[in-house]
Amino acid sequence: MAEALKNFINREYLQKLGTDMHEVYEPFPIDEFINSTMDETWDGLELKERMRQITLNLAKFLPPDYVKAIEIIDEVIKTHGTWLDGFCLYFPDFVEVFGQGESHWELSMSALERYTPHASAEFAVRPFIINHEKRMMDQMYAWSKSENAHVRRLASEGCRPALPWGIALKAFKKDPTPILPILEQLKTDPDIYVRKSVANNLNDISKTHPELVAQLAKTWFGKNEHTDWIVKHGCRTLLKKGNSEVLAIFGFHDASSVGVDDFAINKQKIAIGGDFNFSFAITTKEATKVRLEYAIDFVKANGKRNRKIFQISEIALKANEAKPYTKAHSFAELSTRKHYPGTHSITLIVNGTERATLDFELTVPVRRH
């Protein structure tokens, strides 16, 4: 299993940060900063908590004047690396914590715009949105027209209703319409980095307002290849839920002409950590487009089940064509999924419709001494 990201924020990492700060601002005490940051709570802190700990300890040793502190950070961030290789989210976090006052608004906005290419600011903008929605969304819309792809991405990523690790924007879960002008502005963006964010924003919205996203998808689809990619990726949750309206947008209509034969699994009992194969064949009487998925109903710790859907393929079949499939599924432990023993099931899904189900047992592996 990959090492937790938080463990990269260690003493060596803080030494580099402290050194970078000291080179720009000579009074910055490197060792005192490190020791103050890595206090008795440090080992128990998760990644974002460590970022906030760094932010608060930067503030201890930077000038108390926010304007002067930002001037120092402006110089440090130029050579400090990027969020892709350094996780330096504490610089926009500094703006979030100390720069929300009215007197600092313009300075904070310009700082976030400068910092986001180095240290993505999608978390830092969210309290500004919550506390000053109209004003901040006007700013985000202005950013959506930036020449810099990082800034354009910030416009979309920062207002996602349910950004992972971010504060939930409850107002936008209830009414996402303030987000739409930004998504409209970015729907043909040439940069995949930006388009992924727009799609993820749409996917967030689809979980609370599926009808809105379905209508938007109908309106957008078929006019621009970049937009089509956004629509497909942004509708992924609705596709997995078998939303017939959205399936039809992509040509996946009623699949009653498609037959499913010889559905089988190669094991009835699988030890946690192991895997199994399943196989089947599909046939069709008439030419049709098919989206194939399988669902596994996993047993949870409380004995209830939780369904996870996995895509197999999307294929155009000719009339009277048959196609066999054999697929493997692993039950290895993941950071995002823990397995529990019990009766599970696997279900084949064709164009959003369940077609066949088989049960199997997941067991505790035998430990050899």
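Two strands count as paired if DSSP finds at least two bridges between them. The model shown in these views is predicted.

**View 1. Strand 8 pairs with strand 2 in the parallel sense.** Strand 2 covers residues 269–271, and strand 8 covers residues 353–363. The two are joined over 3 bridges.

**View 2. Strand 7 and strand 8 form a hairpin.** Strand 7 runs through residues 342–350. Its pairing with strand 8 is antiparallel and spans 9 bridges. Within this pairing, leucine 348 has alanine 356 of strand 8 as its bridge partner. The turn leaves 2 residues between the strands. Asparagine 351 lies in that turn and has a positive phi of about 50°.

**View 3. A salt bridge joins glutamate 157 and arginine 153.** Their closest N and O atoms are 3.6 Å apart. Both residues belong to helix 10 (residues 149–157). They are 4 residues apart in this helix, so about one helical turn separates them. Glutamate 157 is buried, at 6% relative accessibility. Arginine 153 is buried too, at 10%. The pair is part of a network of salt bridges that links Glu122, Arg153, Glu157, Arg160 and Asp204.

**View 4. Lysine 232 and glutamate 314 meet in a salt bridge.** Here the closest N and O atoms lie 2.9 Å apart. This pair links distant parts of the chain, 82 residues apart. Lysine 232 sits in helix 15 (residues 225–234), while glutamate 314 sits in strand 5 (residues 305–317). Lysine 232 is partly exposed, with a relative accessible area of 27%. Glutamate 314 is also partly exposed, at 30%.

**View 5. Glutamate 333 and lysine 338 form a salt bridge through their side chains.** The N to O distance is 3.6 Å. Glutamate 333 is partly exposed, at 34% relative accessibility. Lysine 338 is exposed, with a relative accessible area of 52%. Across the model, the count of salt bridges comes to 22.

**View 6. Leu5, Phe8 and Trp165 make up a nonpolar patch on the surface.** Together they have about 330 Å² of accessible area. Phenylalanine 8 lies in the segment before helix 1 (11–24). Its relative accessible area is 42%, so phenylalanine 8 counts as partly exposed. Residues in such a patch need over 30% relative accessible area, and phenylalanine 8 has 42%.

Conventions. Residues are numbered from 1 along each chain as its sequence is written. This is a predicted model: local features need pLDDT of at least 70, side-chain atom pairs count only at pLDDT 80 or more; totals for chains, interfaces and linings use all residues. Side-chain values use heavy atoms; hydrogens and water are left out. Patches are made of residues with over 30% relative accessible area and no salt bridge: like charges are joined within 9 Å, nonpolar side chains (Val, Leu, Ile, Met, Phe, Trp, Tyr) within 5 Å. Accessible areas come from the Shrake-Rupley method with a 1.4 Å probe; for residues, only the protein chains shown count as cover. A salt bridge is a side-chain nitrogen of Lys or Arg within 4 Å of a carboxyl oxygen of Asp or Glu. Buried means under 20% relative accessible area, exposed over 50%, partly exposed in between (1.4 Å probe, protein chains only).
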